[in-house]
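Here is a short briefing on packing and charge pairs. The structure comes first, then the notes.

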Amino acid sequence: MIKHIFFPTDGSENAKGAFDYLKSLAVQNKAKVTVFFAYDVSIIGTTATLAGIDYSSLYDLEDKLKKYGEELVEDVKKQLEAENLTVEIKIARGVPSEVTVAAIQESGCDLVVMGRRGLGGFKSFLLGSVSAHVIHHVKCPVLLIPAIK
C-alpha cells in the first residue's frame, strides 16, 4: 500500500499532467502527499557575472522564483486538500536535481510521481534532467509521466 507520495513540480504542462496521476493514486490509497518545488539562480548568476551584468537584479529574479514556487505549491496543496488528503509543502533553493533527491530521501516516501520533462530546456540538455537524476539516485519507486503532446 502506498502511504506517502512525493510530487516534485515546476508548474510545466508535463507536471500538470503528472498531477492527474498523483491525485488519482493519492485518493485511491488515502496517501499523504509532499509537494515540492526547487529553484536555482546559480547558473544564471555565473553567466551574469561573466557577462558583466548587474548582479543585484538576480535578487529580484530569485524572489520572483521563490514567490512563483510558493504560489504553485499552495495551489497544488489546495487542490489535494479538497480531496481530503494530508499535504505537506516544501521549497528548496539549490540545484534542482540535487535538492530534489535530498528532499525525497529525507521524506521517507513510498513513491515519487513526476513529469519526465519540465521547464529545464537547454539546461536539461547540458546537465541532464531532474527526472533522470532522481531515478538514478533514490531508493523508492518513481513513476515518470511522459510529456503530453
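In this predicted model, Glu71 has a relative accessible area of 48%, so it counts as partly exposed. Its side chain meets that of Lys67 in a salt bridge, at 3.8 Å from N to O. The whole structure holds six salt bridges.

**Salt bridges within a helix**
- Lys67 and Glu71 are both in helix α3, four residues apart, about one turn of the helix.
- Glu13 pairs with Lys16, with the closest N and O atoms 3.4 Å apart.
- Both Glu13 and Lys16 sit in helix α1, three residues apart, about one turn of the helix.
- Glu13 counts as exposed because its relative accessibility is 56%.
- Lys16, at 47%, is partly exposed.

**A salt bridge between distant parts of the chain**
- Arg93 forms a salt bridge with Glu62; their closest N and O atoms are 2.4 Å apart.
- Arg93 belongs to strand β3 (residues 87-93) and Glu62 to helix α3, so the pair links distant parts of the chain, 31 residues apart.
- Glu62 counts as buried, because its relative accessibility is 15%.

**Nonpolar cores**
- The largest nonpolar core has 21 residues; among those touching the most other members are Ile5, Phe7, Val35 and Leu80.
- Two or more residues each come from β1 (4-8), α1 (13-29), β2 (32-39), α3 (56-81) and β4 (111-115).
- The top contributor is α1, with five residues.
- Beyond its neighbours within four places in sequence, Val35 contacts residues including Phe7, Val73, Val76, Leu80 and Ile89.
- A second, separate core has 14 residues, among them Phe36, Ala38, Val101 and Cys140.

Methods:
Residues are numbered from 1 along each chain as its sequence is written. This is a predicted model: local features need pLDDT of at least 70, side-chain atom pairs count only at pLDDT 80 or more; totals for chains, interfaces and linings use all residues. Side-chain values use heavy atoms; hydrogens and water are left out. A nonpolar core is a set of buried Ala, Val, Leu, Ile, Met, Phe, Trp, Tyr and Cys residues joined through side-chain atoms within 4.5 Å. Buried means under 20% relative accessible area, exposed over 50%, partly exposed in between (1.4 Å probe, protein chains only). Contact means heavy atoms within 4.5 Å. A salt bridge is a side-chain nitrogen of Lys or Arg within 4 Å of a carboxyl oxygen of Asp or Glu.
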